[in-house]
Amino acid sequence: MLDAKAPSQNIRNGDNVEQVYSYATHPEIRSNYFALCNGLEFSLFRTLETNTPILLFSIDEIESYWETLNSYLSPLSFQAGKSFTYETTKSPIKLTANFDYSSRPLLKEIAVKKQQAKRHFGVHGYFTKQSWNVVAEYIKNYSQPGDLVLDPFGGSGVTAIEALMNNRKAISIDINPMAVFLVQSLIAPINQNDFTEAFERVKTEYQNQEPVSEKDIDKALEKYPYPQGIVLPKSSDVDTIEELFTKKQLAQLALLKSIIQKETNINIRSSLMLMFSGLLTKANLTYHTTPNKPREGQGDSSAFRYYRYRIAHSPVDIDIFTYFNLRFKKVSSAKKEIEYYINQNTISNIEIFKGTATDLSFIPQESVDYIYTDPPYGKKIPYLDLSIMWNAWLDLEVTESDYEQEAIEGGENQKTKKQYNELISQSIREMYRVLKYDRWLSFVFAHKDPEFWELIINTAESCGFEYIGATPQKNGQTSFKKRQNPFTVLSGQLIINFRKVHSPRAIMKANLGMDTADIVIQTIEGVIARDNGANLEQINDELIIKGLELGFLDLLKREYSDLTPILMENFNYNEDTELFTLKKNSKFKSHIDVRLRIKYYLISYLRRMEREKKNAHFDEIILNTLPLLKNGTTPENQTILNILEDIAERNGDDSWILKKEGQLELFKTELF
């Protein structure tokens, strides 16, 4: 007996379960099992035991549960005379029997579905949001339902929210109180009817008192509080927060906030304040609209676009309540989307903290099952500086200690690179402490300076993490800075994956017999030849990954922190496609002996296969290597085999692994 329910319906317990139970026990049916599906989850009950489901899983995880489901419900399980023993479980969420934390596969690049989740798109602007579906796939790959997922640089809460949406528990931490507010107010459970009624009350009172005339505006500014005298960062076009607004905007926003604050239901009030905060993004003089497209969503605050408070050349005087009404629709839709998974019954599965990633002492040692985090990238975004406007209007306190603990370079406190490095290193050490053994850390990073990559790797390895592999991943957006500076700003990112193990293997540096210039040119030429052209992100990703895997990040750090000169000198660039290509009628520039080229790529490939616990078959080795060499002297298969025999040994009939004996010839503690 299988009954279909709407996505908003509870299929774990209650009236729906009792209804289907009555069908299953009907004298003309009398089924041993009954199931419910609401398009999001599938629950299976034994008719004689209806207290909890014997099987419960998300529909998008059905492949993991198919074998178990088949054992319960397939026709073969009910053949006459067949003896069959059913597995029982005390947990309503059944874990996958063959889930092995220690050997999870590395994910390949995932197509971004940025606008398909109302819970993240359109609710509130924030800096560099992670793509929800990418985060969700990583959570599902490296953890199981019921596991605890941590993000110590929580930001707008994508990791924590997607953890709950996939039946996990979550901890989200951020030093920016604005980020904490965004997550807490979004997940606060509400009754939609109560929310609508509260919105209508606010709307009516505001429209009855809206200050429009100069006299009413002056009265409102005297009566209702608003941020005054709070100094903005030195990079701002004006000195204080109130100078970011017209008098009319200040008066109308102050009135609207005072009306919202009257609401007594704390969750309703925080939801309305979430709408108010989203309105602030547009109701100020820094709101830059896209030319000829002044509609909702066709612009943003300069803090998000330029990473500073920059007054727009042509500020838009928006109608406050028209946009507040749009905020209501966005927030209401987001809450409807998440209410089945995040509600009064499940809200205890998430903890949101204002704090620093450098001190996770409130989290017990070895208690976390998976960490997915997107930390600050050096001096790219000073989060606390850029959040001053929102934090002030929301009455959220930022202390001097918060600025001291913020992991950035630069900012108003002029943090040094050394201070940033120390804070990131301490956060990695804390992540190691709280993570369970054989569990994973996925570390998102988009800094183009190899020094920071080496810092991450060296710190992680010194803690005891084992580097497994890195994956290039688009984030679904091209920043304004990227469009302005295509050669120096990256639009993508790498996700570096580590595993906490008892006996970690460190990355060993390969003695490739090349100097640094040859290594860099070799890598760039290889990715361009393989893909018939490569953009800055692809080239940077390839260099970082090869540097991680072959241990020459320190050389990149010293000599090639900026790729622009070497790219412009040695390759053609197409401004329309943004691709670098090999110059016409030219071969590889690096003049490296073909045997060294082959050795370089073979070591990299075999190491990757070893980390991923995959077999490296000869045909696959050939297919991986030849495209990287096609613009140079293309070798014969026999040549590759000869070099392969020098550095590797057979593992079975048709598989190869790097040699374990005599590695002094291959690997040294330093490249030279």
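**A tour by selection**

Start with Asp619, which is exposed (over 50% relative accessible area; buried is under 20%, partly exposed in between, with a 1.4 Å probe and protein chains only), at a relative accessible area of 54%. This is a predicted model, in which local features need pLDDT of at least 70 and side-chain atom pairs count only at pLDDT 80 or more, while totals for chains, interfaces and linings use all residues. Residues are numbered from 1 along each chain as its sequence is written, and side-chain values use heavy atoms, without hydrogens and water.

Asp619 sits in helix H23 (residues 618–625); helices (H or I, at least four residues) and strands (E, at least two) are DSSP runs numbered from the N terminus.

Next, select S17, S19 and S18. These 3 strands form an open, antiparallel sheet in the order S17-S19-S18. Strand S17 (616–617) and strand S18 (648–650) are at the edges with a single partner strand each, so one side of each has no neighbour in the sheet. S17 and strand S19 (residues 655–658) are joined by 2 bridges; strands pair if DSSP finds at least two bridges between them. His617 is opposite Ser655 in S19.

Move to strand S10 (residues 368–373). Because 6 of its 6 residues are buried, S10 is largely enclosed by the rest of the structure. Strand S5 (residues 148–151) pairs with S10 in the parallel sense over 2 bridges, and Val149 has Tyr370 as its bridge partner in S10. Strand S11 (residues 435–445) also runs parallel to S10, joined by 5 bridges; there, Leu435 is the bridge partner of Val368.

Now show the salt bridges (a side-chain nitrogen of Lys or Arg within 4 Å of a carboxyl oxygen of Asp or Glu). The structure holds 18 of them. Select Glu41 and Arg12, whose side chains meet at 2.6 Å, N to O. Glu41 lies in strand S3 (residues 41–46) and Arg12 in the loop between strand S1 (2–4) and helix H1 (15–24), so the pair ties together parts 29 residues apart in sequence. Glu41 is buried at 0%, whereas Arg12 is partly exposed at 25%.

Last, select Asp218 and Lys247, a salt bridge of 2.9 Å, N to O. Asp218 is in helix H7 (residues 214–223) and Lys247 in helix H8, so this pair links parts 29 residues apart in sequence.
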